[in-house]
Amino acid sequence: MSALEAARAALAAEHAAVYGYGVVGGRIGAERRAEAMAAHEAHRARRDALRRTVRDLGGEPVAAAAGYELPFAVPDPAAAVRLAAVLEDRVAGVYSDLVRAAEGPLRRDAAAALREAAVRAVRWRGTDVTFPGLAERV
């Protein structure tokens, strides 16, 4: 996978995460609403940066879809917490691919994004995974 392909995949994952956090924010309990809002803003910032990255790599940024299929129904705060953890796991996975494909500053940025997603996933889930972003090793 090229750096451009990996950056496009990361951008697509960030679009989905921004959408997903909209759902999380609508269902999350008041005690974790600020955490959800901070994660939403972090994903928006990463999404915007990735748009620039894709252009810098000579590509055309992928557009956000009108909607995304959620992995499960989110009727209550507990499901919203589970969804937030899944979103972070998915984002970590694509950043893992970008770390492998990129070099220099882009690789450092991708590693930082992977780390941030892994930390947020732990906070949402309450437990960690052995190799964040590497589903084949979990």
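**Close-up 1. Ala49 in helix H2.** Ala49 is partly exposed, with a relative accessible area of 29%. You'll find Ala49 in helix H2 of this predicted model. Look for Leu11 as well: Ala49 and Leu11 are 38 residues apart in sequence, while their C-alpha atoms sit 8.9 Å apart in space.

**Close-up 2. Tyr19 and Tyr68, an aromatic pair.** There are two aromatic pairs in the structure. Here, the ring centres of Tyr19 and Tyr68 are 5.4 Å apart and the planes meet at 55 degrees, so this pair counts as tilted. Tyr19 belongs to helix H1 (residues 3-27) and Tyr68 to the loop between helix H2 (33-56) and helix H3 (77-101), so the pair ties together parts that are 49 residues apart in sequence. Tyr19 is partly exposed, at 34% relative accessible area, and Tyr68 is partly exposed too, at 23%.

**Close-up 3. Tyr21 and Trp124, an aromatic pair.** This pair is tilted as well, with 6.4 Å from centre to centre and 45 degrees between the planes. Tyr21 sits in helix H1 and Trp124 in helix H4 (residues 104-125), so to speak a link between distant parts of the chain, 103 residues apart. Both Tyr21 and Trp124 are buried.

**Close-up 4. Glu88 and its contacts.** Glu88 has its place in helix H3. With a relative accessible area of 0%, Glu88 is buried. Setting aside neighbours within four places in sequence, Glu88 is in contact with several residues, among them Tyr21 and Trp124 from the previous view, plus His43 and Arg120.

**Close-up 5. Arg82 over a ring.** Arg82 lies over the face of Phe72, 5.3 Å from the ring centre.

**Close-up 6. Salt bridges within helix H2.** The salt bridge count comes to eight. One of these joins the side chains of Glu41 and Arg44, at 3.4 Å from N to O. Both residues lie in helix H2, three residues apart, or about one turn of the helix. Glu41 is partly exposed at 43%, and Arg44 is partly exposed at 34%. Arg51 and Asp48 also meet in a salt bridge, at 3.3 Å from N to O, and they too sit in helix H2, three residues apart.

**Close-up 7. Asp89 and Arg125, a salt bridge between helices.** The closest N and O atoms of Asp89 and Arg125 are 2.3 Å apart. Asp89 lies in helix H3 and Arg125 in helix H4, so the pair ties together parts that are 36 residues apart in sequence. Asp89 is partly exposed, at 35% relative accessibility, and Arg125 is partly exposed, at 31%.

Technical notes:
Residues numbered from 1 in each chain as written. Predicted model: local features only at pLDDT ≥ 70, side-chain atom pairs only at ≥ 80, totals over all residues. Heavy atoms only, no water. Phe/Tyr/Trp six-rings, centres within 6.5 Å; stacked < 30°, edge-to-face > 60°. Helix = DSSP H or I, 4+ residues; strand = E, 2+ residues; numbered from the N terminus. Buried < 20%, exposed > 50% of the residue type's maximum accessible area, 1.4 Å probe, protein only. Lys NZ or Arg CZ within 6 Å of the ring centre and 35° of its normal. Contact = heavy atoms within 4.5 Å. Salt bridge = Lys/Arg side-chain N within 4 Å of Asp/Glu carboxyl O.
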